[in-house]
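Here is a friendly note to read alongside the model. The points below go through a few local features one by one.

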Amino acid sequence: MKTVQGNGVTALTMEVARVQAIASISKCMNSIPSEYIRSENEQPAATTLHGVVLQVPVIDLRDDDEEKVVKMIAEASKEWGIFQVINHGIPNEVIANLQKVGKEFFEEVPQEEKELIAKNPGSQSIEGYGTSLQKEVEGKKGWVDHLFHKIWPPSEINCRYWPKNPPSYREANEEYAKRLRDVVDRIFKSLSLGLGLEAHEMMEAAGGENIVHLLKINYYPPCPRPDLVLGVVAHTDMSHITILVPNEVQGLQVFKDDNWYDVKYIPNALIVHIGDQVEILSNGKYKSVYHRTTVNKDKTRMSWPVFLEPPSEHEVGPIPKLINEANPPKFKTKKYKDYVYCKLNKLPQ
């Protein structure tokens, strides 16, 4: 417990246990708290197919053959739900700056300062610095701290959740957000054409210019027993798509053909996940990817996913052109906020 004084009132607040602090203690003791130990059927050592690194499709966005790019993105989205893009047009230094300021926030900014932008437990907003994300089964916890904030569109940005330190944090994130938009447009266009739709139709159905770009920084400190824990439990993303920048430490795993595989790291590639909303829009033709994150014994893993989400009041359902007698709707049309509520509370959709 911690005593906080202000306006003549003394209050007691519970200090939240950050994984970064727990990792420091665990390293000294060479053990981890029991709430981080997964059941045997989830433990990475027992469930990963070892000796095989999954080569998910790698797509060169600079390829002059537009039809080929569209076909590769569509096929990857149908068969895998995940692919990596290279030559995507975002300069390496823009990505390096994004990574640099994120790492500095977690590793160099004093804890008290980080807590100033912590998420409010009573708020509906996901934005802010935090540790637990949702109620996990059996009270188990993920070995990760995180920071969420929106980076696009400008009307959605709340600077209260953007770190003031390091000083170049804002500039680095704004530059990445600006550059990312062209990649987003290209992917949505390809997904649309891959279903036989007009180039603009998928993005329009997804929310158009109002699509929210929600950045998350995941910070996975070293863990004495990486064989027993998960950074993030197995899940599909609620977003339309997720575009992720990893660091060089292995951690992303994908479930395919009844096995968990490590996904190979490619320097400066962007990893694209198909999320639940694109699966819904495509009426199940594109598949949202089932994935999880492992951690490392000696090295810190970090990742920077951007979740492309509809506005909360936006209704998402199968695109009408994809529905006919032979292909009845497989999903209900509903507001995104209602979808999120059901998923977070593990209720049927």
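1. A polar contact is a pair of N or O atoms within 3.5 Å; within protein, one must be able to donate a hydrogen and the other to accept it, and residues adjacent in sequence count only if both atoms are side-chain atoms. With that in hand, look at Ser77, whose side chain reaches the backbone oxygen of Ile73 at 2.7 Å.

2. Before going further, please note that this is a predicted model, in which local features need pLDDT of at least 70 and side-chain atom pairs count only at pLDDT 80 or more, while totals for chains, interfaces and linings use all residues. Residues are numbered from 1 along each chain as its sequence is written, and side-chain values use heavy atoms, with hydrogens and water left out.

3. Back to Ser77, which has its place in helix H3 (residues 66-79); helices (H or I, at least four residues) and strands (E, at least two) are DSSP runs, numbered from the N terminus. Ser77 is buried, because its relative accessibility is 0% (buried means under 20% relative accessible area, exposed over 50%, partly exposed in between, with a 1.4 Å probe and protein chains only). Leaving aside residues up to four places away in sequence, Ser77 touches Phe83, Leu191, Ile274, Tyr286 and Lys287, where contact means heavy atoms within 4.5 Å.

4. Next, how do helices H4 and H6 cross? The axes of H4 (residues 92-108) and H6 (residues 169-193) come within 9 Å and cross at roughly 140 degrees. Axes here are lines fitted to C-alpha atoms, for helices over the stretch in contact, and angles run from 0 to 180 degrees between N-to-C directions. That makes H4 oblique to H6; angles under 35 degrees count as roughly parallel, over 145 as roughly antiparallel, 65 to 115 as roughly perpendicular and the rest as oblique.

5. Residues of H4 that meet H6 include Val94, Ile95 and Leu98, and among their H6 counterparts are Tyr169, Ala172 and Tyr176.

6. Two cis peptide bonds deserve a look. One joins Trp152 and Pro153, with omega about -5 degrees, and another joins Asn165 and Pro166, with omega about 0 degrees. Pro153 lies in the loop between strand E7 (145-152) and H6, and Pro166 is also in the loop between E7 and H6.

7. Finally, check two positive phi values. Asp257, not a glycine, has phi of about 50 degrees and sits in the loop between strands E11 (252-256) and E12 (259-263). Asn283 has phi near 55 degrees, in the loop between helix H8 (276-281) and strand E14 (291-293). Are these residues buried or exposed? Asp257 is exposed, with a relative accessible area of 55%, whereas Asn283 counts as buried at 3%.
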